[in-house]
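Thanks for coming. I have one structure to go through today, so please look at it first.

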Amino acid sequence: VPPKIMVEHEYSKQLFLKGVIDGDGSITKWGIKITSGSKLFLEDIKKLLYDLKIDSGRVVVDKVVVDKSTTFNLYIHKKKDMLRFKEIYSSGPSYPRKKESINKI
């Protein structure tokens with residue numbers, strides 16, 4: 001995550017997070033998952049979520065594929081955190097399919 005985002009006001013952090021979810025996230029009624037090839041990126045996202053009063057789990061290895069690349073996941077599972085995320089994600093513009101999914105939480 002760019003250092004500038006990490007020190008920005010809450011609204012800028014929210015917009016950045018929405019962009020991450022639109023590109024690398026998935027939303028179900030059971031949780032929110034962000035996937036990346038960079039563990040460091042997800043650790044920064046975890047800090048960003050914490051700044052926005054959303055607790056997430058630890059960054060976990062998803063899988064190692066044939067070419068030896070690894071992907072990592074960060075999950076949000078607790079209902080209170082999913083509802084807080086929904087509050088943030090639902091304001092302003094966002095990807096329609098993801099917005100539809102978040103509204104089902």
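First, the ground rules. This is a predicted model, so local features need pLDDT of at least 70 and side-chain atom pairs count only at pLDDT 80 or more, while totals for chains, interfaces and linings use all residues. Residues are numbered from 1 along each chain as its sequence is written, and side-chain values use heavy atoms, with hydrogens and water left out.

Now the rings. The structure holds one aromatic pair. Its members are Phe85 and Tyr89, which are stacked, with 5.9 Å centre to centre and 20° between the planes. For the cut-offs, rings of Phe, Tyr and Trp (its six-membered ring) pair if their centres lie within 6.5 Å; planes under 30 degrees apart count as stacked, over 60 as edge-to-face and the rest as tilted.

Where does the pair of Phe85 and Tyr89 lie? Both are in helix 4, residues 79-90, four residues apart, which is about one turn of the helix. Helices here are DSSP runs of H or I with at least four residues, strands are runs of E with at least two, and both are numbered from the N terminus. Phe85 and Tyr89 are both buried. Buried means under 20% relative accessible area, exposed means over 50%, and partly exposed is in between, using a 1.4 Å probe and protein chains only.

Tyr89 has a further neighbour. Lys18 lies over the face of Tyr89, at 5.7 Å from the ring centre. A charge sits over a ring if NZ of Lys or CZ of Arg is within 6 Å of the ring centre and within 35 degrees of the ring normal. Lys18 belongs to helix 2. Is Lys18 buried or exposed? Its relative accessible area is 5%, so Lys18 is buried. Leaving aside neighbours within four places in sequence, Lys18 is in contact with Ile88, Tyr89, Ser91, Gly92, Pro93 and Ser94. Contact means heavy atoms within 4.5 Å.

Next, the core. The largest nonpolar core has 23 residues, and those with the most contacts inside it are Leu17, Ile32, Ile45 and Phe85. Such a core is a set of buried Ala, Val, Leu, Ile, Met, Phe, Trp, Tyr and Cys residues joined through side-chain atoms within 4.5 Å. Two or more residues of this core come from each of helix 2 (10-24), strand 2 (31-36), helix 3 (39-51), strand 4 (70-76) and helix 4. Take Ile32: beyond its neighbours within four places in sequence, its contacts include Ile21, Leu74, Met82, Phe85 and Ile105.

On to the helix crossing. Two packed helices are described by the angle between their axes and the distance between the axes. The axes of helix 2 and helix 4 come within 9 Å and cross at roughly 95°. Axes are lines fitted to C-alpha atoms, for helices over the stretch in contact, and angles run from 0 to 180 degrees between N-to-C directions. Helix 2 and helix 4 are therefore roughly perpendicular to each other. The cut-offs are under 35 degrees for roughly parallel, over 145 for roughly antiparallel, 65 to 115 for roughly perpendicular, and oblique for the rest. Which residues meet there? From helix 2, Glu10, Gln14, Leu17, Lys18, Ile21 and Asp22 meet Arg84, Phe85, Ile88 and Tyr89 in helix 4.

Gly19 is also in helix 2. With a relative accessible area of 42%, Gly19 is partly exposed. Gly19 and Tyr89 are 70 residues apart in sequence and 9.7 Å apart in space, C-alpha to C-alpha.

Some single residues remain. Asp81 is in helix 4 and is buried, at 1% relative accessible area. Not counting residues up to four places away in sequence, Asp81 touches Lys53, Ile54, Asp55 and Ile76. Lys53 sits in the loop between helix 3 and strand 3 (60-64). Lys53 is exposed, with a relative accessible area of 61%, and has a positive phi of about 65° although it is not a glycine.

Thr35 touches Asp24, Thr71, Phe72 and Asn73, residues up to four places away in sequence not being counted.
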